[in-house]
Amino acid sequence: MKKILAIILAMMLLIPSFALADDIVKIGVFEPTSGQNAAGGKKEILGIEYAHSLYPTVNINGVEHKIELVYADNASAADKAPTAAQLLISQDVSVVIGTYGSGCAIAAGELFAEAKLPAIGTSCTNPNVTLGNDYYFRVSYIDPFQGAVMASYALKEGCKNTAVIVEAGDDYSAGFGNYFSEAIIAGGAKCTTVSFQTGETDFSTIMANVKAAGYDGIFAPVSIETAPLIITQAREAGITCPIMAGDTWDDISIVERAGAAADGVFFSCFFDASDTTNAAGVEFTKGFTEWVKADAARIENNGGTAEAISSVTPCGYDAYMAAYNAIQAANSTEGEAIRDALAGLEVKGLVTGDLKFDENGDAIKNYVAIKTFKDGQIVFSDAYVG
């Protein structure tokens, strides 16, 4: 009899833990926290975590479920991304957010689709992330749009013969560089693409050739880690022409490392914290800044400051909100139901604008902010609204 009572008691003690497990919804965070894109990945994670702090539970069929974030480091490498993806799949997450870096997103995309696990890209802008994959969506604009905007800006700056410097084998860098090249050639100018290998730090030969050839512009869609090297070595070589890039350069650490050499460098990005016409952006900026200030680790992951906000951070926030709203709309934790909800999702007033996906799963966007480095800071320069 005592043995039976002990078994019954043990089963009763297990009931709350089973009930608790049923009340948890897992969202995967597929981001780099190591490798050359770690700084960007950490800033996107901050956006995700800030959104999670505001919306820690989700209502499914009238029941509040706690949202748990499950992390997997894709290490900024396309060959390591599938392992991180498999980890999230094995953890039974309902939806995945990420990633910073198109190459990692592309490398993991087929695995997510095979598992019927919807993924929501943050700042991965290469069209191939979502193309042909019914389970991958994204909240950012894509490189053909961004490339055309930056080509238009380069033409406005008087660039008629541009050197396009890209990282060989990197989907984001090579893809973005190609879209820029196509657009600037269509605008009547010339350009030449120069590539370097991953991990390369000495660009003196490239810069000597750029100076000798008399290029009047440099476009370099490369990583946060490589950006200061490109900037400083170009200026050390006596190159004075405009240096331009894309969304990856919206990071305060670049100007901190490049110093005065970064003054006047221009780049496109998703968000501008100084735009007071964006009510959602103003609210986000205030709340996020206070949230970061409250924790030393958050400050460190934000580049050592609580004041600067990289435009990839709101992408993390908006991707979380897309996942949150899709789970509620689906009234389910099942991947297929959430995928279907995402396809028809419309969310007003997110930080980077209203959200609706097109037939490829790409966010419909018409705004690009253009910023510059000045006196050790990132400042707003111009904007494109299509």
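User: Is Cys 315 buried or exposed?
Analyst: Cys 315 is buried, at 1% relative accessibility. Buried means under 20% relative accessible area, exposed over 50%, and partly exposed in between, with a 1.4 Å probe and protein chains only. This is a predicted model: local features need pLDDT of at least 70, side-chain atom pairs count only at pLDDT 80 or more, and totals for chains, interfaces and linings use all residues. Residues are numbered from 1 along each chain as its sequence is written, and side-chain values use heavy atoms, with hydrogens and water left out.

User: How many disulfides are there?
Analyst: The count is 0, where a disulfide is a pair of cysteine sulfur atoms within 2.5 Å. Cys 315 is in none; the nearest cysteine sulfur, in Cys 124, is 9.1 Å away.

User: New topic. At what angle do H3 and H4 cross?
Analyst: Roughly 40°, and the axes of H3 (residues 81–90) and H4 (residues 102–114) come within 8 Å. The two helices are therefore oblique to each other, as angles under 35 degrees count as roughly parallel, over 145 as roughly antiparallel, 65 to 115 as roughly perpendicular and the rest as oblique.

User: Which residues make the contact?
Analyst: On H3, Ala 81, Pro 82, Ala 85, Gln 86 and Ile 89; on H4, Cys 104, Ala 107, Ala 108, Leu 111 and Phe 112. Contact means heavy atoms within 4.5 Å.

Terms used
Axes are lines fitted to C-alpha atoms, for helices over the stretch in contact, and angles run from 0 to 180 degrees between N-to-C directions. Helices (H or I, at least four residues) and strands (E, at least two) are DSSP runs, numbered from the N terminus.
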